[in-house]
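Open the model in your viewer and keep the selection tool ready. We will go from one stop to the next.

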Amino acid sequence: MLKQIEGSHAVAEVVALCRPHVISAYPITPQTHIVEDLAGLVGERHLEAEFVNVESEFAAASVVLGASAAGARAYTATTSQGLLLMNEVIYCIAGMRLPIVMTCANRAISAPLNIWNDQQDSMTVRDAGWIQLFAEDNQEAADLHMQAFKIAEQISVPVMVCMDGFILTHAFEPVDIPDQKEVDDFLPPFQPKAMLDPRWPRGMGLYADPRFYMETRYILHRTLEKSTEAIKQVSADFAKAFGRESGGLIKTYKLEGADVVIVSLGSVVGTIKDLIDQMREEGKKVGLLQITSYRPFPRKELYDALRDKMKIVVLEKCISLGRGGILATDVRWSFPRAEKKDRAISSFIGGLGGKNITQDELRLMVERVEKEPVELDFIGLNKEIIAERDL
Amino acid sequence: MIELSQEDLNRVEKKNLFASGHRACGGCGQALAARLVVDAAGENTIALMATGCLEIFSTPYPDPSWRIPFLHSLFENCAAVASGVEAAYKALKKGPVNIIAQGGDGGTADIGFQCISGMFERGHDVLYVCYDNEAYMNTGVQRSSFTPLGAKTTTTPTGNRTRKKDLPQIAVDHRIPYVATATVDDYRDLQRKVKTALSIEGPKYLHILAPCPLGWGHPGDMTVMLCRLAKDTGLFPVFEVLHGKLMNVLKVPIKKPVEDYLKLQNRFRHLFKKGVPTATVAEIQEIADQNIERFNI
Amino acid sequence: MIEIRIHGRGGQGNVAAAELLAIAAFKDGKFAQAFPSFGAERVGAPVMAFVRIDDKKIRLREEVRFPDYLIVQDQYLLDTVPVLDGLKPNGMVLINADKRPEELGLKTTATVETIPGTEIAIEIIGRPIPNAIMIGAFCSLTGLVSLEAVQQAIMEKFPGSVGKNNVAALERAHEIIQKRKEHA
């Protein structure tokens, strides 16, 4: 049913429909509404689940780790500082191949303290072995959670659904919430591949010395690489079941004949699409390639879509301090060095700490890269408040 | 509370659910304790453990010693992971099953303190067993909050200046239904306490003194004797607290002076200059005397 | 696409106002997007909320910088916050004030309307939360969303007597504006 609803509420409703057995989360802005809603749904017995109110995000992640290991479908949500606090457990969960689903309500990281949206937080754990999917809008945020459980349980890899904090979590827009039967048909009950049970004793989280550790990491790497198949398949299954496209590896918008292509992820693509429509009307051929699956990185799909494009500009809300754009690095890596030496891939950072990204600024960005490649620059940077020596 | 017969409670269990062939040091108090705990619990048990000696010597791939399901996650989250397992069993309406979380000093009282307090406070049906060897032994004998006054460790080379954190009391203050202390020399008592704990619903805490020959500086065959002396001096009171009520305090008719205990361990050697005890020994005796009075040992 | 910016102080129901407008537009068969300007809001601090209404899906994620309409829930904000920034030259600003528009001395080419929202709120709802009045006046002035849709939205979001009182306030505001139009 189509509802005009806040993003967090939509996510909570859909997660509840996925019938998690154990939910554990620690409140942190801007994820709080998701957690509160789920507590309410459990409390009012709309959802039969154990809701464990823990003392920190670290404990939350640990609780869902234990629950998943014991055979329960488990869910948690966090952001920013909370995600960093549970860093160890994130790696543990992936290393143990537990099919946990987590919502990351993307938010900037201290210091200095900032509660607004950017994508730095989920980027800090991009190497941990989780699948990371980015939602464009609240409909996709809701849809991705259903897909996430299915993907995770199919291939035993945890999945993080990233949605821009505040911009999506607190935006009130139409979302189609499916009914219980539709979700049950799409997402069958969890059938753990391994679990803690005295009937079939097995160990998890063993001590692996140099003879074995690297091999487990290799297996994880290959599994993540091959997970592109599951991600595509589940997206296709979803489209068949619910009649709309969502999820998958990448999406493209008006790439045909585009002279400049913007590559980005998250909610800013909505603004980018509006800009593209306007610029196209003015005769400027701009297109968009949107990353939905950031990990595994869809290198092949990106290359196939952009192989003939000579002017590419990557826009991201995160940065590797001392190096530059994170997504930009992944995109540059996707093109073999040998060919098309005159291809220019520019890198722009914007929106850090929730700084508003406007269509005007994006337009300027496109116009700049039309003329020349930009190694690295920032959108909307206020140089007036930066001392000369720091520029 | 499940009523167990005296016969059940007093029987010494030897099921070898914690198989021999693990890599603990000879005379390791913790290895002995773990075997006793698991055998008392039986096959219908899931074991969680924190990083520490136990995890390292008992779960190396591909030869773990556990013949029951087990999971090791991190150093500091054992109690939270156990909470998750318990929640899953509840949500899935599976069980009943014994859920035992195990940790050493650090995993219980220091880095793991947050999680154990949370587990107690929320009331999870989990037995937490702490193997207290009075330092971070796995990483090379650094002090912990369980390191007793005067003990030498790598990070307290001139002797530890603080008293042991009283985790059994903290557990009692969380109003959990069962708290007990035990030592590895008395098999029957230790196993009885495990069985009693597992027959009660809610969080339980069992604090076991587990001598470490390497860290304490004594021969491996002295583990049992040192436990007896720890009790006989009053330094390690043995008791149960059931629903907040102190009971079954182990009485010691003929008490021994703390020196008898301290002199046998290298970690306390510096407290004796040419056989003459330093002032710290008197402080340690005072601690023992306070325990004797507090518990009426 | 129509863009609306709502200014107020924390505690005056700004976010609720935005959501109600969005729900009403949705019920009228339109697409709507509403979101607050986020911050560590404290009661009394100046806050903003944004609403977009369109006949097709709204993809834009910026804050509203060039609103067609402004709703100002607190006239005292006029001195401290540049509420008029970006207002389209032929736009409209509706202010909760117990003065007539001319008395406010605002420098703008946009239309200025006022309504004594706080007083009406205290009278009908019993609390100085003017949002239902502001929305009622807004609907009446602009015809952007139907009054019926807002009434339904209010009853869904605030069941019981709270909803009823807010609907009464909404209707009062609508009456006042209608009367003004008749007399004009």
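**Stop 1: chains A and B.** Select the contact between these two chains: 37 residues come from chain A and 38 residues from chain B. Here, two residues are in contact if their C-beta atoms, placed from the backbone, lie within 7 Å.

Before going on, note what you are looking at. This is a predicted model, in which local features need pLDDT of at least 70, side-chain atom pairs count only at pLDDT 80 or more, and totals for chains, interfaces and linings use all residues. Residues are numbered from 1 along each chain as its sequence is written, while chains are lettered from A and ligands numbered from 1 in the order in which they are written.

Now color the side of chain A that touches chain B. At least two residues each come from β2 (22-25), β3 (50-53), α3 (57-69), α5 (87-95) and β9 (203-204) of chain A. Helices (H or I, at least four residues) and strands (E, at least two) are DSSP runs, numbered from the N terminus. α3(A) gives the largest share of this side, nine residues. By class, this side of chain A holds 23 nonpolar, eight polar and six charged residues. Ala, Val, Leu, Ile, Met, Phe, Trp, Tyr, Cys and Pro count as nonpolar, Asp, Glu, Lys and Arg as charged, and the others, Gly among them, as polar.

**Stop 2: across the chains.** Select β9(A) and β2 (70-72) of chain B. They pair in the parallel sense over two bridges; pairing requires at least two bridges found by DSSP. Which residue stands opposite A:Met204 in β2(B)? B:Leu71 does.

**Stop 3: a sheet in chain A.** Show the open sheet of six strands, ordered β10-β12-β11-β14-β15-β16 in chain A, with mixed pairing. Its edge strands, β10 (250-253) and β16 (377-378) of chain A, each pair on one side only. Inside, zoom to β11 (260-264) and β14 (311-316) of chain A, parallel over four bridges. A:Val261 has A:Ile312 of β14(A) as its bridge partner.

α11 (299-306) of chain A lies across β10, β11, β12 (286-291) and β14 of chain A, at about 15° to β10(A). Axes are lines fitted to C-alpha atoms, for helices over the stretch in contact, and angles run from 0 to 180 degrees between N-to-C directions.

**Stop 4: chains C and A.** This contact takes 18 residues from chain C and 20 residues from chain A. On the chain C side, α1 (14-27) and β2 (31-36) of chain C give two or more residues each. β2(C) supplies the largest share, six residues. That side of chain C has eleven nonpolar, one polar and six charged residues.
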